[in-house]
Amino acid sequence: MGGARRGCRSQWQSLWPAFTARVGRGSWLAALGIVAGGVALAVAVTAVLVRLWPGSTAPAWLQTAVSLLRSLGIHPPAAWREVQVAHLVLQVASFIMGAALVGAVLVFLRSRRSPDAWHPANEVAVRELLAQFGENDSLGYVATRRDRLVHFDSRRRAAVSYQVFGGVALAGADPIGDPLAWEEAVTRWEAHVRPYGWTPAVMACSPEAARVYSRALGFEVLRLGDEAILSPESFRIDSTSLTEVRRAWQRATREGMVADFRTQAELDPEALS
């Protein structure tokens with residue numbers, strides 16, 4: 001028995017460094033509060049139920065104690081084993097206890113809120129970087145969305161814009177800002193998301209950014225397609241190289257579809273909402 005206990009302790013110590021995700025501040029207290037609240041609710045509900053559906057002539061407090069012990073899978077003392085309890089009472093007590101334990105685990109394991117969440121100062125910094133370096137990044141404006149997180153390099157000359165989906169910190173498009181600061185921003189971003197238990201990943205970045213992610217973080221690069229860029233000065237719909245584009249345009253025209261291009265400043269509040 002002692003050997004098994006030492007083996008379990010050794011296994012626990014070897015696995016502990018692999019679980020680096022930060023839990024929310026106060027998670028211990030919140031989880032204990034949920035457990036305590038669940039126990040109190042189970043006691044109160046069970047005490048009422050044993051009076052409504054008594055399983056034996058034993059005192060109500062004794063039936064309540066036996067119900068709670070059995071709902072936790074604990075055998076009552078030998079002197080109490082003859083006490084009978086209604087099956088419904090056991091089911092209700094077990095359900096309340098189980099719900100409290102599940103809720104406590106979910107609250108405890110909930111990761112901390114990242115400091116990269118939207119903040120007015122961060123949005124201003126992102127817009128300044130886009131104005132200075134975003135001329136060739138058609139997806140850079142996505143970083144100004146307020147549901148995205150942004151992590152900057154040490155000098156705030158570059159930043160990585162990302163969102164968290166099911167434990168994956170997914171960066172979209174290229175890093176924002178000075179390309180010379182991209183590598184530091186990428187490295188700092190990866191070091192920031194790992195302790196939260198998030199897996200870093202990137203989608204829809206340029207070849208230049210892909211090389212930075214691969215060099216800095218060792219990411220594997222998969223080519224998913226090219227971005228279509230049309231130059232208004234040289235674009236001709238009747239060009240033989242644009243046959244598929246022309247067919248798509250003709251189908252859209254037959255369906256009565258139209259395109260209306262306006263700047264954000266021209267949109268009214270109703271359209272923006």
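Helices (H or I, at least four residues) and strands (E, at least two) are taken here as DSSP runs, numbered from the N terminus. The structure is a predicted model, in which local features need pLDDT of at least 70 and side-chain atom pairs count only at pLDDT 80 or more, while totals for chains, interfaces and linings use all residues. Residues are numbered from 1 along each chain as its sequence is written, and side-chain values use heavy atoms, with hydrogens and water left out.

The chain has nine helices and five strands, which follow one another along the sequence as α-α-α-α-α-β-β-β-β-α-β-α-α-α. Of its 273 residues, 30% are buried, where buried means under 20% relative accessible area, exposed over 50%, and partly exposed in between (1.4 Å probe, protein chains only). Confidence is given as pLDDT, the predictor's value for each residue, from 0 to 100. The chain has a mean pLDDT of 84, with 88% of its residues at 70 or more. Helix α6 (residues 182-193) has the highest confidence, at a mean of 95, and helix α1 (residues 2-15) the lowest, at 60. Where pLDDT is low, the predicted coordinates should not be read in detail.

The strands come next. Two strands pair if DSSP finds at least two bridges between them; β1 and β2 run antiparallel and are joined by four bridges. Leucine 149 stands opposite tyrosine 162 in β2. Five residues lie between the strands of this hairpin, in which arginine 156 takes a positive phi near 55 degrees. Strand β1 (residues 149-152) is covered on both faces, with Leu149 and His151 buried on one side and Val150 and Phe152 buried on the other.

Turning to the interior, a nonpolar core is a set of buried Ala, Val, Leu, Ile, Met, Phe, Trp, Tyr and Cys residues joined through side-chain atoms within 4.5 Å. The largest such core has 19 residues, and Val160, Tyr162, Trp189 and Tyr213 have the most contacts inside it. Two or more residues of this core come from each of β2 (158-165), β3 (168-172), α6 and α7 (207-217), with α6 giving the largest share, five residues. Another core lies apart from it and has ten residues, including Val50, Val83, Ala86 and Val89. Leucine 88, in helix α4 (residues 87-109), is partly exposed, with a relative accessible area of 40%.

Finally, the spaces in the model can be described. On a 1 Å grid over the protein atoms alone, a pocket is an open set of points with protein on both sides within 12 Å along at least five of seven lines, whereas a cavity is a set where a 1.4 Å probe fits but cannot get out; lining residues have an atom within 4 Å of a point. Grid points are joined across faces, edges and corners, and a volume is the space filled by probe spheres set on the points. The largest pocket has a volume of about 1,000 Å³. It is lined by 36 residues, of which Asp174, Ala204, Cys205, Ser206 and Pro207 are the closest to its centre. Helix α7 gives the largest share of this lining, five residues. The largest cavity has a volume of about 70 Å³, and its lining includes Trp118, His119 and Arg145. Helix α5 (residues 120-133) supplies three residues, the largest share of the cavity lining.
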